[in-house]
Amino acid sequence: MSCIDRRDLGLLLLRLSTGGVLAAHGAQKLFGWFGGGGIEGTGQAMEAMGYAPGKASATAAGLAEAGGGTLLALGLATPAAGAAAAGAMAGAAAVHVPNGFFAQSGGYEYTASLGLAAAGLAVTGPGRLSLDHLMGHAVNRGWMVPIALGTTATVTAVVVGVRNKRVRAKREGMQEALFDE
């Protein structure tokens with residue numbers, strides 16, 4: 001085994017920070033930890049954002065964030081973990097897009113950063129300071145990367161597309177009449 005280099009340390013730091021933040025976000029949704037709403041409160045919020053059914057959406061987002069984040073931090077099943085987390089962040093970014101880029105205005109800056117970091121880790125791999133490396137990369141093969149990212153991109157596009165259609169329909173139903181009758 002060759003010695004650990006700064007690339008491995010950098011990937012470890014990126015995995016721990018990105019994965020840790022994602023896991024905490026998922027725990028807010030799933031368990032109500034760290035001031036989160038749990039499944040019930042998050043489900044209601046998801047419904048209000050256009051993701052229905054709310055509880056199922058909260059569960060899916062929570063599992064993708066908590067599970068993907070934990071696996072990223074550990075460096076285990078990195079392609080699937082990074083793809084799941086990136087998909088969850090793409091769904092979150094869709095809610096924030098109307099507010100512009102910057103987070104201070106409610107924009108998608110933060111969710112995009114987490115999602116791109118997760119996707120980058122899925123592509124790059126976890127480095128040698130990881131469970132994937134320890135296990136001989138049994139669940140971190142090169143062919144898994146395009147399958148994980150492609151599948152997640154397809155599912156995310158469908159879910160976000162349905163959500164956007166639901167939000168547009170609701171908004172159009174609330175629009176005032178253009179002409180008096």
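Guide: Contact here means heavy atoms within 4.5 Å. The model is a predicted one.

Start with α2 and α3. On the α2 side, I39, E40, T42, G43, M46 and E47 make the contact. They meet G54, K55, S57, A58, T59 and A61 of α3. By class, this contact holds four nonpolar, five polar and three charged residues. The axes of α2 and α3 cross at roughly 110° and come within 7 Å. Angles of 65 to 115 degrees count as roughly perpendicular, so α2 is roughly perpendicular to α3.

The largest pocket has a volume of about 750 Å³. Its lining has 33 residues, and the closest to the centre are M46, A61, A88, G91 and A92. Two of these names have come up already: M46 belongs to the α2 side of the contact with α3, and A61 to the α3 side.

Which helices supply the lining? At least two residues each come from α1 (6-31), α2 (38-49), α3 (54-74), α4 (78-96), α5 (109-124) and α7 (144-174). The largest share is that of α4, with eight residues. By class, the lining divides into 20 nonpolar, ten polar and three charged residues.

Next, follow α4 to its contact with α5. Their axes lie 8 Å apart, and the packing angle is about 160°. Angles over 145 degrees count as roughly antiparallel, so α4 and α5 are roughly antiparallel to each other. Their crossing is left-handed. From α4, the contact takes T78, P79, G82, A83, A85, A86, M89, A92, A93 and H96. From α5, it takes T111, L114, G115, A118, A119, L121 and A122. This contact has twelve nonpolar residues, five polar ones and no charged ones.

Finally, the setting. The protein chain has seven helices and zero strands. Along the sequence, its pattern reads α-α-α-α-α-α-α. Taken along the principal axes, the C-alpha atoms fill a box of roughly 80 × 30 × 30 Å.

Notes: Residues are numbered from 1 along each chain as its sequence is written. This is a predicted model: local features need pLDDT of at least 70, side-chain atom pairs count only at pLDDT 80 or more; totals for chains, interfaces and linings use all residues. Side-chain values use heavy atoms; hydrogens and water are left out. On a 1 Å grid over the protein atoms alone, a cavity is a set of points where a 1.4 Å probe fits but cannot get out, and a pocket is an open set with protein on both sides within 12 Å along at least five of seven lines; lining residues have an atom within 4 Å of a point. Grid points are joined across faces, edges and corners, and a volume is the space filled by probe spheres set on the points. Helices (H or I, at least four residues) and strands (E, at least two) are DSSP runs, numbered from the N terminus. Ala, Val, Leu, Ile, Met, Phe, Trp, Tyr, Cys and Pro count as nonpolar, Asp, Glu, Lys and Arg as charged, and the others, Gly among them, as polar. Axes are lines fitted to C-alpha atoms, for helices over the stretch in contact, and angles run from 0 to 180 degrees between N-to-C directions. Angles under 35 degrees count as roughly parallel, over 145 as roughly antiparallel, 65 to 115 as roughly perpendicular and the rest as oblique. A crossing is left-handed if the near helix is turned anticlockwise from the far one by less than a right angle, and right-handed if clockwise.
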